[in-house]
Amino acid sequence: MNGQSQQTVQLTSMYDPYVYQTLSGVVGNNIVVQTIRGSLQGTLTSVLPDHIVIEINKTPFFIRTQQIIWVSPS
Amino acid sequence: MMFKRVNKIAIELPNPEYGDANAAAAVQELLGGKFGEMSTLNNYMYQSFNFRQKGKLKPFYDLVASITAEEFGHVELVSTTINLLSKGTTFTAEPDLTPLQNAKDMRNTYSFIATAQTSLAGDSMGNPWRGDNVFSSGNLVLDLLHNFFLEIGARTHKMRVYEMTDHPTAREMIGYLLVRGGVHVLAYAKALEIATGVDLTKMLPIPSLDNRAFDHARKYEEQGVGNVLFTWSDGDYKDIRAIWKGTNPSNGQPLVVQEGMPEGGTVPDLDDLPEEFAPGIGKDDYDRIVKRLMENM
């Protein structure tokens, strides 16, 4: 339009990049995760940019990073 | 009456690794509410203790007495459901780390303060179950009419709690008890028909909602759980046959009296809960206890 070339601007942003970084360093440890609705206690098995996986009695729970309030070792 | 206890619960309950403390609080109504299992148990228990002319009116006595035993099992089934639903709110940590902090926002604080996250002998608002929920007038028709009403009320409450939670443990328990409650509604209706000549099944069901509207009840309906009345005894209470006969008006299938009790399911064990100091036996204590238990055997 107006003879100007269209430019697409793409914004990429990670949720809580330092949370991601910190949790990546404790994979395999037992942790407590306080979420906006209750806490989960188990083994941190995987950390991804937007969610983490906690295993409780061999059952995986996938938790959105945005719903985490705090994490503590247990 | 003497009870013989079998270490089973009525059905196998699903036990997922997540709970729902507020669902547990709602399920309390089905345990210690006015229309809960403690009420059905105690109503039939006292009515059977207090029954006049047990010999002359034996089929009616046998009915109230045998259903008492079934209700005792339902009390444990609902309690167990509450125990399984109560998991997953708190975490294990030293007291100064406030491991019960999430309990503040749960409806039933007694569960965290008083019972270490297990069942309470009370209703969904924490009111204790009371003896004045028992109606035992001694007038046979009046007591049967009360029981008919009590079972319909209990069934209605179960439907509503079912609508409040989709937790698999709660739904399995409610699905089963809706079907068994339907059996008891029909049993008291039939008893009333025999006692008075009035056909109460013509005004059934209240509310007009079939058990088949509930996914978790349908399975039990299809298994025929709704056609069977158990004696819950090794030889007594067989005269319920004189009442539990004919066909089930909801499906046209024959009604069956089965001696004894259903096979049942496993009583689930509960994990220890260090943040509640329950059971409060550490490893060293346990080793000493085992040693004492094994001594002089």
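**Chatting through the cores and helices**

Biologist: Which residues have the most contacts inside the largest nonpolar core, and how many residues does that core have?
Modeller: In this predicted model, B:Val27 and B:Ala187 have the most contacts inside the largest nonpolar core, which has 66 residues.

Biologist: Which elements give two or more residues to this core?
Modeller: In chain B they are helix 1 (21-32), helix 2 (37-49), helix 3 (58-85), helix 5 (140-164), helix 6, helix 7 and strand 1 (228-230). Helix 6 of chain B gives the largest share, 15 residues.

Biologist: And what does B:Ala187 touch?
Modeller: Leaving out residues up to four places away in sequence, B:Ala187 touches B:Leu63, B:Ile67, B:Leu229, B:Ile243 and B:Trp244.

Biologist: Now helix 7 of chain B. Which residues are buried there?
Modeller: In helix 7 (residues 215-222) of chain B, the buried ones are B:Ala217, B:Tyr220 and B:Glu221. They sit on the same side of the helix, because they cover an arc of only 105° around the axis.

Biologist: What do they pack against, and what is on the face turned away?
Modeller: The buried residues of helix 7 pack against helix 6 (168-196) of chain B. The face turned away from the buried side carries B:Asp215 and B:Glu222, which are exposed. Just after helix 7 of chain B comes B:Gly224, with a positive phi of about 85°.

Biologist: Switching to chain A: where is A:Gly25, and is it buried or exposed?
Modeller: A:Gly25 lies in the loop between helix 1 (17-24) and strand 1 (30-35) of chain A. It counts as exposed because it has 8 C-beta neighbours inside 10 Å, and the cut-off for exposed is 12 or fewer.

Biologist: How far apart are A:Gly25 and A:Val71?
Modeller: They are 46 residues apart in sequence and 13 Å apart in space, C-alpha to C-alpha.

Biologist: Last one: what confidence goes with all this?
Modeller: Chain B averages a pLDDT of 95, with 98% of the residues scoring at least 70. The predictor gives the complex an ipTM of 0.72 and a pTM of 0.92.

How values were computed. Residues are numbered from 1 along each chain as its sequence is written. Chains are lettered from A and ligands numbered from 1 in the order in which they are written. This is a predicted model: local features need pLDDT of at least 70, side-chain atom pairs count only at pLDDT 80 or more; totals for chains, interfaces and linings use all residues. pLDDT is the predictor's confidence in each residue, from 0 to 100. A residue is buried if 20 or more other C-beta atoms lie within 10 Å of its own, exposed if 12 or fewer, and partly exposed in between; C-beta atoms are placed from the backbone. Helices (H or I, at least four residues) and strands (E, at least two) are DSSP runs, numbered from the N terminus. The arc is that of the directions from the helix axis to the C-beta atoms. Two residues are in contact if their C-beta atoms, placed from the backbone, lie within 7 Å. A nonpolar core is a set of buried Ala, Val, Leu, Ile, Met, Phe, Trp, Tyr and Cys residues joined through C-beta atoms within 7 Å.
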